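Q: Hey, I'm new to this one. Can we walk through it together?

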Amino acid sequence: MTLEHLPALQVMVPLAAAPLIVLLRHAGFAWALAVAASLFAFGASLALALEVSRAGAISYAMGNWPPPWGIEYRVDALSAFVLVLVSAVGALVAPYARRSVAAELPREQHYLYYAVHCLCLAGLLGMTITGDAFNLFVFMEIASLSMYVLIALGRDRRALLASYQYLILGTIGATFYVIGVGLLYLATGTLNIADLAARLPEAQATRAVLAALAFITVGVSLKLALFPLHLWLPNAYAYAPSAATAFLAATATKVSVYVLLRFYFTVFGAPLVVDALPVPQILTGLSIIAIVSASLVAVWQADLKRLLAYSSVAQIGYITLGIGMATRDGLTAAVVHLFNHGITKGALFLLVGGIALRAGSVDFGRLRGLARTMPLTCLGVTLAGLSLIGVPGTAGFISKWYLVLGAIEAGQAWLAALVVLTSLIAVAYVWRFVEAAYLSEPGSGTAVAGEAPLAMLAVSWVMVAACVWFGFDTSFTVQGARRAAELMLGAAP
Amino acid sequence: MPAFASHYTYWITVLLMAAGLYIVVARGNLVKKLIGLSIFQTSVYLLYIAPGKLIGGTAPILSEAFKVYSNPLPHVLILTAIVVGIATLALGLAIVVRIREAYGSIEEDEIVAADRDAGDRE
């Protein structure tokens with residue numbers, strides 16, 4: 001039966017598509033294959049998510065070697081949720097990429113872009129679906145190496161330096177992670193995540209286990225760009241090709257957040273991480289600094305893409321703030337925001353890619369009076385910007401709402417006030433776009449040809465519509481996140 | 001044997017780890033940074049492999065003749081990690097080649113200065 005092999009196929013199809021694309025070399029075929037593989041992955045993750053919500057967690061023994069000896073692929077409420085986000089963004093960015101990549105990259109590099117897109121998708125899906133700590137490292141490196149290539153494909157020469165810096169920091173992060181996994185293996189003799197969780201209580205709180213926790217925390221925090229380990233992010237997002245930025249911003253850091261959640265709450269468990277160690281306090285402190293400082297830095301950026309990149313650092317701060325609360329509502333908020341911020345940032349970067357294509361740059365000077373020539377794009381940016389702020393009626397509001405609930409549940413009303421107050425800084429940076437696009441006279445140098453190509457605009461608007469849709473219909477996001485939070489806190493089977 | 005001497009592989013691991021990381025942070029030359037990164041990754045290979053070896057142990061062969069086995073799993077894991085390390089180093093060097101083509105230098109401070117000058121002219 002193919003259906004029972006869906007967990008493996010979901011990763012294998014994009015992974016196999018990548019070398020095929022390199023062999024074919026033709027840009028059109030490459031694009032078609034990348035779209036087909038991404039759509040397949042999306043369909044597979046929807047099917048898996050349905051199956052998980054119907055019949056509980058799925059365990060797939062790779063090569064028929066039963067876990068914990070063989071590698072296990074495991075889909076539960078949390079990983080199914082992240083799989084849907086990653087594959088949905090992949091399936092939207094792939095069709096969008098055709099026009100954007102054609103405009104931004106030299107012709108002989110087009111097929112390489114699609115090959116790396118498929119590799120990156122396979123890596124991110126693999127990180128999410130695998131139930132083996134070392135296998136996770138391999139997929140993390142597959143995803144990361146393809147991200148370095150995606151960034152280095154940017155037109156600007158500064159993209160090369162951004163890619164190099166990300167390579168250095170990303171490799172240090174991944175190596176820290178693998179040191180942590182090595183120490184856990186020495187302490188328990190297993191690499192299977194479920195088996196690790198079962199065996200760790202025997203080895204509880206020895207120095208090796210605590211060192212493993214520290215190494216994994218720092219390594220994964222580098223990958224998810226937690227303040228002050230976020231330095232690679234702004235340049236990487238700003239200089240990568242538009243389609244790559246949209247894909248990475250919506251998925252890469254989110255999957256790393258998933259890895260952190262998986263290790264904190266499944267492997268080490270809340271009693272050690274939350275009750276015995278000051279991890280929540282540290283996370284909360286760093287999150288607050290990230291939210292305030294990155295939001296303020298974002299306000300002063302001269303370039304829309306960099307502004308959104310700094311805003312990403314701040315928004316990741318909201319996610320880790322929810323993790324730091326470590327309550328049911330806090331974790332729900334973290335998982336919901338992981339999804340909502342993914343689609344919001346994805347929508348924004350897709351629209352910005354359209355602007356970059358037509359206006360040549362996304363410098364604020366070039367955006368003056370843009371709403372006259374690109375009304376639909378500007379409306380989309382404004383709507384997604386409202387979701388970034390967290391205005392009621394958008395997806396961002398739902399995450400902020402649960403964050404405030406979580407703060408009150410944890411008895412920290414000042415955190416709730418902080419969430420609301422810092423949203424005002426987001427108003428300031430979104431307003432900068434509105435002011436430039438709607439309220440400024442077009443500058444002398446702005447000759448914008450009109451709306452972005454239909455294919456790009458349509459995909460972008462699907463994402464914008466999702467930002468609004470998930471602001472009203474929360475049955476998928478909030479219920480999915482709630483189930484994931486209950487799973488993490490051990491309340492659900 | 002005193003404890004620190006019987007655990008000498010750990011001392012080497014820690015030394016390589018710290019030295020590699022220090023090179024990455026302290027050197028401005030992009031190729032030297034990559035060398036440091038490689039040393040740092042290599043220390044992890046040792047961290048996995050050394051504890052898997054039992055003195056006098058053989059490979060896990062099912063036979064009456066062998067009673068003491070070494071754990072083969074770390075070797076397999078590290079084979080994978082070595083491949084990952086090589087891929088990272090190769091990609092890193094490829095990017096450095098392109099940086100040199102674009103900037104004419106592989107010294108970090110000169111590249112940053114070149115970008116700053118270009119930014120001032122705009």
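This is a predicted model: local features need pLDDT of at least 70, side-chain atom pairs count only at pLDDT 80 or more; totals for chains, interfaces and linings use all residues.

Q: Got it. Which residues of α5(A) meet α6(A), then?
A: On the α5(A) side they are A:A133, A:F134, A:F137, A:M140, A:E141, A:S144, A:Y148, A:I151 and A:A152. Their partners in α6(A) include A:A159, A:L160, A:Y166, A:G170, A:Y177 and A:L184.

Q: And at what angle do the axes of those two helices cross?
A: Roughly 175 degrees, with the axes coming within 9 Å. Helix α5 covers residues 133-152 of chain A, and helix α6 covers residues 158-188. Since angles over 145 degrees count as roughly antiparallel, that crossing makes α5(A) roughly antiparallel to α6(A).

Q: How do the residues of that contact split by class?
A: There are 17 nonpolar, three polar and one charged.

Q: OK, what about α2(A) and α3(A), how do they cross?
A: Helix α2 (residues 27-55) and helix α3 (residues 77-104) of chain A have axes that come within 8 Å and cross at roughly 160 degrees. So α2(A) is roughly antiparallel to α3(A).

Q: Is that crossing left-handed or right-handed?
A: Left-handed.

Q: Which residues meet there?
A: Among them are A:W31, A:F42 and A:V52 from α2(A), and A:L83, A:P95 and A:R98 from α3(A). By class, the contact divides into 18 nonpolar, four polar and one charged.

Q: Switching to chain B: how many residues does its helix α3 have?
A: Helix α3 of chain B has 23, residues 30-52. From first C-alpha to last, α3(B) reaches 35 Å, close to the 33 Å expected at 1.5 Å a residue.

Q: Which of its residues are buried?
A: Several in α3(B), including B:L30, B:K33, B:F40, B:Q41 and B:Y48.

Q: How many residues does each chain bring to the contact between A and B?
A: Chain B gives 26 and chain A gives 21. On the chain B side, α3, α4 (73-103) and α5 (108-121) each supply at least two residues. The largest share, 14 residues, comes from α4(B). That side of chain B divides into 19 nonpolar, four polar and three charged residues.

Q: Last one: where does A:E435 lie?
A: In helix α18 (residues 413-439) of chain A. A:E435 has 13 other C-beta atoms within 10 Å, so A:E435 is partly exposed.

Notes
Residues are numbered from 1 along each chain as its sequence is written. Chains are lettered from A and ligands numbered from 1 in the order in which they are written. Axes are lines fitted to C-alpha atoms, for helices over the stretch in contact, and angles run from 0 to 180 degrees between N-to-C directions. Helices (H or I, at least four residues) and strands (E, at least two) are DSSP runs, numbered from the N terminus. Angles under 35 degrees count as roughly parallel, over 145 as roughly antiparallel, 65 to 115 as roughly perpendicular and the rest as oblique. A crossing is left-handed if the near helix is turned anticlockwise from the far one by less than a right angle, and right-handed if clockwise. Two residues are in contact if their C-beta atoms, placed from the backbone, lie within 7 Å. Ala, Val, Leu, Ile, Met, Phe, Trp, Tyr, Cys and Pro count as nonpolar, Asp, Glu, Lys and Arg as charged, and the others, Gly among them, as polar. The expected span of a helix is 1.5 Å times one less than its number of residues. A residue is buried if 20 or more other C-beta atoms lie within 10 Å of its own, exposed if 12 or fewer, and partly exposed in between; C-beta atoms are placed from the backbone.
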